[in-house]
Amino acid sequence: MLKFRNYVRVESEAAFKEAIASIEGPVVLLAGGSDVLVQAREDDRFRDHTALDIFGVEAWHQIVETEKDLVIGAIATHAMIADSPLVNRYAPILAEASLSVGSPQIRNHSTIGGNIANASPAADTLASLSVLEAELVILGEKGERKVALADIFEGPYRTNLSDRDVIVSVVIPKLPESVRYNYTKVGRRKALSISRMTIATLIETDREGVVTKFDMTLGATFPKPMTFPDISAMLVGKKPSSDDIRAVARALSDKIPEIAGIRASTRYKQPVCRRLAERILHELIGDE
Ligand SMILES: Cc1cc2nc3c(=O)[nH]c(=O)nc-3n(C[C@H](O)[C@H](O)[C@H](O)COP(=O)(O)OP(=O)(O)OC[C@H]3O[C@@H](n4cnc5c(N)ncnc54)[C@H](O)[C@@H]3O)c2cc1C
């Protein structure tokens with residue numbers, strides 16, 4: 001049995017604003033519902049909430065480009081993102097991450113905004129969005145604001161969004177074709193697996209093989225999405241040797257106990273991270 005106080009569906013931004021202004025009591029937004037409906041079945045947490053269904057707001061599904069950015073509507077589904085020619089051209093690491101979410105059925109009806117706002121540390125798009133330097137456009141009661149992705153997270157399953165805030169779009173600076181990428185998901189099983197760890201990497205080198213841009217981070221590992229300027233600085237300006245690559249892989253795996261503390265999974269995650277990071281970097285740099 002689903003336990004909401006009430007259910008309201010809107011199909012335009014104007015109707016959303018009207019609904020938000022008139023609903024009394026707490027609101028829970030419903031996009032694809034693949035997290036909310038599971039949670040609503042588990043316990044009574046939404047008993048006093050109005051479920052405000054935004055999946056029908058056409059404008060928030062769209063994926064468009066501006067001169068500098070890719071703008072992905074927050075209720076674009078993972079399937080739309082994985083298939084989008086614009087995303088595959090300007091942020092292919094996100095297309096791959098979206099393709100790794102759940103099953104085809106889940107991807108067809110679950111959204112990037114829901115993946116972000118649910119704030120699960122295991123959410124598959126967050127590591128890619130972090131290295132892409134994504135920003136979020138949020139519509140709140142006082143109007144629109146734009147914030148860096150990392151700024152909304154407070155911890156596992158916790159954000160600073162109010163129940164009246166809606167993520168309208170995700171804005172990503174377009175990557176030039178010269179940037180190579182790798183997205184790796186380590187799960188228990190190939191299909192339908194909840195991530196144990198994801199690794200997102202972007203790297204660009206010049207004609208001489210000197211690194212001009214480098215970002216590498218882990219998902220499903222830290223309490224919230226993180227990027228590591230200290231690790232980027234280890235390769236930028238260098239023509240990386242095997243020793244440099246080994247040092248980066250070690251530094252990245254050392255972040256696991258540093259940030260997440262020592263847990264049962266640390267013994268497994270650290271060596272896996274080290275080995276995969278080394279392999280990914282050798283492949284991307286093309287020195288094998
Ligand atoms: C069988 C199954 C397999 C799954 N596999 C994976 C997987 O492999 N990888 C993975 O990352 N996830 C997985 N998930 C989790 C889930 O599908 C994703 O997190 C999905 O992206 C959530 O999107 P949604 O539209 O369904 O969100 P919803 O359930 O509608 O919403 C999730 C949360 O976000 C809020 N919200 C939704 N949209 C917005 C918005 N625009 N602005 C502000 N808040 C908003 C909601 O209020 C709610 O708190 C799986 C779920 C199931 C049931």
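Q: How much space lies in the largest cavity?
A: About 90 Å³. Keep in mind that this is a predicted model.

Q: And how many cavities of 30 Å³ or more does a search of the whole structure find?
A: The search finds 1.

Q: Which residues lie nearest the centre of the largest cavity?
A: Pro-121, Gly-219, Ala-220, Lys-224 and Pro-225. They belong to a lining of 14 residues.

Q: What is the lining of the largest cavity like by class?
A: It has 10 nonpolar residues, 3 polar and 1 charged.

Q: Which helix and which strand each supply at least two residues of that lining?
A: Helix 8 (126-131) and strand 13 (211-219). Helix 8 gives the largest share, with 3 residues.

Q: Which domains does the lining of the largest cavity draw at least three residues from?
A: Domain 2 (58-173) and domain 3 (180-285) each give at least three.

Q: What does the domain assignment give for the chain?
A: Domain 1 covers 6-53, domain 2 covers 58-173, and domain 3 covers 180-285.

Q: How many Å separate the centres of domain 1 and domain 3?
A: The separation is 37 Å, with the centres taken over C-alpha atoms.

Q: How many residues line the largest pocket, and which lie nearest its centre?
A: The lining has 50 residues. Asp-35, Gln-39, Gly-114, Ala-117 and Asn-118 lie nearest the centre.

Q: How does the pocket lining split by class?
A: There are 22 nonpolar, 20 polar and 8 charged residues.

Q: Now the ligand. Which residues come nearest?
A: Leu-29, Gly-32, Ser-34, Asp-35 and Thr-111, out of 31 residues around the ligand.

Q: What does Asp-35 do there, in terms of polar atoms?
A: A polar side-chain atom of Asp-35 lies 2.6 Å from a ligand oxygen.

Q: Where does Leu-29 come in, backbone or side chain?
A: Backbone. An N or O atom of the Leu-29 backbone is 2.7 Å from an oxygen atom of the ligand.

Q: And what about Asn-115?
A: Its side chain places an N or O atom 2.9 Å from an oxygen atom of the ligand.

Q: How much of the ligand's accessible area does the protein cover?
A: The protein covers 86% of the 980 Å² that the ligand has on its own.

Conventions. Residues numbered from 1 in each chain as written. Predicted model: local features only at pLDDT ≥ 70, side-chain atom pairs only at ≥ 80, totals over all residues. Heavy atoms only, no water. 1 Å grid on protein atoms, 1.4 Å probe; cavity = no way out; pocket = protein on both sides within 12 Å on 5 of 7 lines; lining within 4 Å. Points joined across faces, edges and corners; volume = space filled by probe spheres on them. Helix = DSSP H or I, 4+ residues; strand = E, 2+ residues; numbered from the N terminus. Nonpolar A, V, L, I, M, F, W, Y, C, P; charged D, E, K, R; others polar. Domains from an automatic or database assignment. Near = heavy atom within 4 Å. Polar contact = N/O pair within 3.5 Å; in protein donor to acceptor, adjacent residues only side chain to side chain. Areas by Shrake-Rupley, 256 points an atom, 1.4 Å probe, with all protein chains shown as cover.
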